[in-house]
Structures are given as C-alpha cells and as structure tokens.
Number of protein chains: 2
Amino acid sequence: MRPGSLPEQLRAACAHCNLVDLCLPVGLPEEDLKRLDTLVTVRKRLKRHQALFESQFPFEALYAVRLGSFKTVLTLSDGREQVTGFQMTGELLGLDGIGSGRHVVSAIALEDSEVCTIPYEQLETLASKIPALMSEFHKILSREIVREQGVMTLLGSMRAEERLAAFLLNLSQRFAARGFSPTQFRLRMTREEIGSYLGLKLETVSRTLSAFQEAGYLRVNRREIALANREGLRQILSASPPTSTENAAATPNGN
Amino acid sequence: MRPGSLPEQLRAACAHCNLVDLCLPVGLPEEDLKRLDTLVTVRKRLKRHQALFESQFPFEALYAVRLGSFKTVLTLSDGREQVTGFQMTGELLGLDGIGSGRHVVSAIALEDSEVCTIPYEQLETLASKIPALMSEFHKILSREIVREQGVMTLLGSMRAEERLAAFLLNLSQRFAARGFSPTQFRLRMTREEIGSYLGLKLETVSRTLSAFQEAGYLRVNRREIALANREGLRQILSASPPTSTENAAATPNGN
DNA sequence: CGGGATATTGAACGGCATCAACGTGCGTGG
DNA sequence: CCACGCACGTTGATGCCGTTCAATATCCCG
C-alpha cells in the first residue's frame, strides 16, 4: 500500500504499460487509466516454480501477468491435480477467489515472472465509479467462462490428436496477439503439465507431438515448436472421429 | 419500462419471489430489491425442448430460472455437441454472452419452464449504482468459473464411476438447497445429456447407474433416483484409481 | 393403442493409460 | 569449465476402460 518509494516493489503505471490494450484497462480513456494507477501500485516478482497464491489462501487481489507465464492448478481432495489454465502477459489471475473469498486454485510461475497487484476491494470501488471499467471487467469474467466451456468441450469430446492440435493453435494465436511469431515458439510448460491440462498422460502428449512431426505438421525439439502446417492442424479439429472413408487417402488401410 | 398490465408476460417481482435468496438478489435490502424489480419486468415461458436463446444470437439479457430447468449446449464447428451445464431454479443463464455480445451456447428447456428476463444494459447501470448488487454479480460470475473448473477436473482426471458419483452428489445437494429431498429426485435429462456433460457415452452412463444399483448405492428406475448410500458415493470420489488393494473388501476378487 | 424416443444389456474392439527402459539436455557444484 | 546427476522427454509393449455396434425392452405421448 502507501504509494511513493517502495523498496523492492516497482510502481505499476498502467498508463505507460505496453500491455494496456491486452489487459484489464482496454479502451479506458487516459483519465481513468490514471485512477486505475492509483490502486495498481505493487508489482511482484516470482521465480520459476514459485506460487503467486495457493489454494485456500484468503483472496485479496487480482493479478495481471506483466512478464512471464503461469499455470493454475486445482488440487482434488485425493491429491490428484488438474491444470486449469496457462496465463500469459496481460491475462488476469485470481478470478476464482471472488466467489468465496478464498482462492480455489494455486497459481505457479512457469518461468521467472512479474505481476501487477490489483487489490480487489479497491477495484470494486473504482469499478462502481467507472462504468467502462466495470463493463470491461464483466467481459473478462465472461470470456473466462467461455474459455473454460471450450476446454470442457475439448476434454469431453475430443480425441488426443484434436486436443493437442487445439492447444497448439490456441498458443499460436495468443503468441501472435502479443507480437510474437505464431509459428515458432517455446513451450513454457512440461509435457506433464500439458497433459494435465488436456486430460492426457505425458506419454500421450509426447507421442502425439512425434506423430504430428512425422506427419509434417510441425517440428518439435524439446520445448521448441515450429508449426509448419497450421491449416493441417485446423483440419484435424474439424474432422470428427474417423467415421470411415474420408481420410482413407491418408491412411491407406482403414485400420 | 411500462409497468402495469402486460398481455402474456407477468411482472417479475423479485421482492416477493421465493427464490430471492438463491438468485441474483441475495442479501439486497428491500429498497434495492424494488429497484431491481423495475428492470426485471418480463417473464418468459418455455415448453420442453424449446430454446431460450441459441448460439450466435445477439446477447441482450440474462435470465434467471424461475421454474423448471435447462441445459446449456456448446456446438462445435463439426456438429458435435457438449452439454456445458444444467441449470435449476434461481440459477442464471446467459453469462457466456457478456464477453462478445453474442451467445456462445444454446439454452434449452428440459421441461416446461419459466425465466425472469434481466436486460443486461440496465443491469449494468443499476449495478454501478448499487455496489452490493455489483459485488454479488461478480461472485456469481466467479462461482461459475469455479464450477467449470470443477467440471474440467472431472473430465480431465476422473473415471466414469467417479464422474457419475460427483454428478449425482451435486444434483442431490442442489435439490436439497431448494428444499427438495436430497435422496429422492427425478432426473430432468436423458442419459445422453448426462453423458455429454460428463464426457461419456449414454451406454456408459446407463451401465454405471446399473452398477451403482447393483452395489447398493442407489435405486434407479428410468429417471427416478433414490440415493441409498451417499457416503458410499463420496468414497468413490475420494478413492483414486484402483491402485491395488484397498477395496479388496468391497470386491472380493480383484476383478 | 401404436410408435418413436429412451433405456438397458451384451460382445468385441480400440485408444489411451500403464509400466518400463532408455536418451538427452541442463543446471549446479566441484 | 567440465562432469556429474537429475529432471525431462522419447519410445516400446501390454492391458484395461470406455466406446462402438447391435439387439431388445419399456415408457410415454399423441
């Protein structure tokens, strides 16, 4: 709290942040940006594998990823874990805590990262004074709902190939939105984390990546991915289970 | 607007609604309830299988289930469908549309039903004037995010038995919250719809229900369910995959 | 009362998990 | 700086759970 000179923590300054049109403040006029700046004053640095917050912790703030990337993990009573999302720059963390006042998932840095802290109570106060901010916040919440519905569909009705294709295309698009190459990127997460997110075992992720390489859709080397045929990946998605004929050309003998 | 006599549509009247503490207006003082009533003026009746809204339709309002129940369905480009949720009285429909201004899922009545229409623009206006309303709305959105994360985990890491047990226990609890028996209820949806929600085929749902009956956890007759041993169902959930020994007592020969 | 939608049950198949062995790059400390 | 050790990734063999295909039963609705 208390603005001014913070020892380790830097001032946030949405107004000058290059993420301003990816993050919460999209479309806010300069004037409102400054008001937002008055509450987003604390940045936090995290090292690889460090937790930004953990399940059950009291919920006090949202966090915007400023640098690096995160995973969110839901832990079941029996210890099983499920990765529920991967967050990149400009994306918000902590939305799960609003409903109950406690965090439900844990957020873990996948690499050395930095976030802006957005104290939630103050955000609500400000939102009630700036309708555009409130509106935007609702949209963010709604989009998260829709994203998760997409994942539900992926988990509920797609085959391993389709899941991975969808995942890679989604990453590609998000990198592109951040000004990075949509065809060459480095995965920030392990095969196991990808598998957890996609409802697959790490061996299946590995095998499927190898199969994609074999088929010429991409090249893969450890965490480096080079998409060679995005259209091909998209077709994997739009082609239902191998109903029968169709890809008879691709696989000469139907078995 | 226009209060008074609406031809087919009834006035909503949150202030006198028995769902007031399940629905959006939880905890609002009498005075604010009345302000909410000024925008929730339209009720809509739907027959079984009728769509309240469909994917791609312009988003204009949220809907609170007043009577009956619904499913929400996400349709993939290739025609595959996934049920993303079942909604009972007091629950909100349409949250998916806020982010893009268009509905993403379709909402279909599972039985003859009735909803209250909450024009979204007016809701936002009112929310910015009633902080408690805004706050509650955020909580509802957040809880929906958390619910979906739960489903993601279910779909990503649970076996058929566990999925169905979780589903039944969830229904049980929601019926209880509405004053109905937590042990005897009637399913509003088909095996296929349950299967779609749980990422299973209808045959698997049917078989697993039969197996639960066989094991004495419940009795099932078409859509009528009588839970006989909820603790047993809970244990299915907390017991990871059949690692080996443990339930050797329950199933005398490991197969 | 007839007929289609819904549900149950059986048999065989297949995709992904599991178990296992090996390879490889990276960071860490000597 | 290099070598060691380990986390991470790949690939193979086998088995199981849920799907698929199919036949039959039953309820509900018009």
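The answer below begins with the single chain, goes on to the contact between the chains, and ends with the DNA.

A: This is a predicted model, in which local features need pLDDT of at least 70 and side-chain atom pairs count only at pLDDT 80 or more, while totals for chains, interfaces and linings use all residues. Residues are numbered from 1 along each chain as its sequence is written, and chains are lettered from A and ligands numbered from 1 in the order in which they are written.

Chain A contains 7 helices and 11 strands, which are DSSP runs numbered from the N terminus (helices are H or I with at least four residues, strands are E with at least two). An automatic or database assignment divides chain A into domain 1 (14-153) and domain 2 (158-248), and the centres of these two domains, taken over C-alpha atoms, are 26 Å apart. Where they touch, 10 residues of domain 1 of chain A are in contact with 7 residues of domain 2 of chain A, contact meaning that the C-beta atoms, placed from the backbone, lie within 7 Å. Strand S5 (residues 81-87) of chain A gives the most to the domain 1 side of that contact, with 4 residues.

With this in mind, we can turn to the place where the chains meet. Here 38 residues of chain B are in contact with 39 residues of chain A. On the chain B side, strand S5 (81-87), helix H2 (120-129) and helix H3 (131-157) each supply at least two residues, and the largest share, 19 residues, comes from H3(B). Sorted by class, the chain B side has 15 nonpolar, 15 polar and 8 charged residues; Ala, Val, Leu, Ile, Met, Phe, Trp, Tyr, Cys and Pro count as nonpolar, Asp, Glu, Lys and Arg as charged, and the others, Gly among them, as polar.

How are the two copies placed relative to each other?

DNA strand C is surrounded by 21 residues, with A:Arg159, A:Thr204, B:Thr190, B:Ser206 and B:Ser210 the closest; a residue is near a strand if its C-beta atom, placed from the backbone, lies within 6 Å of it. H6(B) gives the most to this surface, with 6 residues, and the residues of the surface divide into 6 nonpolar, 5 polar and 10 charged. Around DNA strand D there are 20 residues, of which A:Thr190, A:Ser206, A:Ser210, B:Ala160 and B:Thr204 come nearest. There it is H6(A) that gives the most, with 6 residues, and the classes are 6 nonpolar, 4 polar and 10 charged.

How values were computed. Contact = placed C-beta atoms within 7 Å.
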